[in-house]
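Take a look at the sequence and the model below. The report that follows walks through the chain one part at a time.

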Amino acid sequence: MKQKRRLNRILSLRLVALREISVVVRVASKLSNPCYFGVTILQHELAIRFGSFLAILCLLAVLERFVPRRPANEPLHGIRWLNNLALVVLNSISLRLLFPLLAIDMAAIVQSEGWGLLNLWSPPEPLAVFFGVLVLDLVIYAQHVAFHKIPLFWRLHRMHHSDVDVDASTGIRFHPIEIFLSMLIKIATVAAVGISPVAVLIFEVLLNATSLFTHANIRLPKQIDTVVRWIFVTPDMHRIHHSILRYETDSNYGFNLSLWDRMFRTYRRQPKMGHKKMTLGLPQFRERHYQKLLGLLKIPFVRYRRKE
Ligand SMILES: [Zn+2]
């Protein structure tokens, strides 16, 4: 009964938050296209998020076909895509079923209760949203470093690195336990900093999109790559993070902004062997069964010693 009341409260707070998001988006959209967003964004929030994810994934898959950076690992291409897609379905469903509240729900509670640093400071709304997105990006960078440096966390994260090729489908290849831990970290950050639901929504949509983009096997013109990576992580920059060489794997941790890698000296400009010749993945887990769903889920529980 108590749990039901708590759930009802979370749901009602979430509706309030989503209503506020709708207002912000409506106001913002009036500047460009007043009839595009409107109140329907609330009713179709999930569909919009899923739709944009699918659209970006399809666009990148087409670009990978026509302007690839490296030749695809053909014998495993189909099986990798199928099982990486199966993982994203499993992760999305299990997160919704097993978690009583998500980061956006916590943001609604925080806003209603006035918790967190930003609610003490009370900056103007656009600044609070910008700061919220920035803090979440920094936390995800720090979490990524921790998943490499702490052996127990590396067991989970190495499943993502076990992909023997890197393309847009690698951007959705994460172990469910890593996804759960990441959600807990985001919830704690939202509560401590007082991040608004708008900022959480923007960050989640951004993170989904950039995770697909930075893993994509696409060739960007050199000049564009150079300019873009002053601010954002590019596919060439993130591919180095998937090198089989450990000192390259332990670099370029950023997902959205390249700023953090430069600031914390984890930035690496180019791979030693060049993008076309470098080997991707881990020395272990290269067999075919590790590209299938069950094999993927078992990876954290396989014993092996990580080489320097
Ligand atoms: Zn990593």
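Is R265 buried or exposed? R265 is exposed, because 7 other C-beta atoms lie within 10 Å. The cut-offs are these: a residue is buried if 20 or more other C-beta atoms lie within 10 Å of its own, exposed if 12 or fewer, and partly exposed in between, with C-beta atoms placed from the backbone.

Residues are numbered from 1 along each chain as its sequence is written. This is a predicted model, where local features need pLDDT of at least 70, side-chain atom pairs count only at pLDDT 80 or more, and totals for chains, interfaces and linings use all residues.

R265 sits in the loop between α14 and α15. N252 lies in the loop between α13 (246-249) and α14 (259-263). Neither name is a glycine, yet R265 has a positive phi near 55 degrees, and N252 has a positive phi of about 50 degrees. N252 counts as buried because it has 27 C-beta neighbours inside 10 Å.

| Residue | Phi | C-beta atoms within 10 Å |
|---|---|---|
| N252 | about 50 degrees | 27 |
| R265 | near 55 degrees | 7 |

**The chain and its confidence**

The chain has 15 helices and zero strands. Helices (H or I, at least four residues) and strands (E, at least two) are DSSP runs, numbered from the N terminus. Of the 308 residues, 35% are buried. Two residues are in contact if their C-beta atoms, placed from the backbone, lie within 7 Å. Among contacts between residues at least 6 apart in sequence, 74% join residues at least 24 apart.

How confident is the predictor? pLDDT gives its confidence in each residue, from 0 to 100. The chain has a mean pLDDT of 85, and 84% of its residues reach 70 or more. Over residues 23-43, pLDDT stays under 50. Where pLDDT is low, the predicted coordinates should not be read in detail.

**The cores**

A nonpolar core is a set of buried Ala, Val, Leu, Ile, Met, Phe, Trp, Tyr and Cys residues joined through C-beta atoms within 7 Å. The largest one here has 29 residues, and A103, A107, V190, I195, A199 and V200 have the most contacts inside it. At least two of its residues come from each of α5 (103-113), α7 (125-149), α9 (176-193) and α10 (197-215). Helix α7 gives the most, with seven residues. A second, separate core has 10 residues, including L156, I172, L282 and F285.

Not counting residues up to four places away in sequence, V190 touches A103, M106, A107, V110, I195 and V200.

**Helix α5**

Eight of the 11 residues of α5 are buried, so this helix is largely enclosed by the rest of the structure. Among them are A103, D105 and Q111. Just after α5, G114 takes a positive phi of about 75 degrees.

**Helix α4**

Helix α4 (residues 74-98) has 25 residues. Its first and last C-alpha are 36 Å apart, close to the expected 36 Å. The expected span is 1.5 Å times one less than the number of residues. A kink of about 25 degrees is centred on R80. The bend at a residue is the angle between axes fitted to the seven residues ending there and the seven starting there. R80, N83, N84 and L87 are buried in α4. The cover over the buried residues of α4 includes α15 (293-298).

Technical notes. pLDDT is the predictor's confidence in each residue, from 0 to 100.
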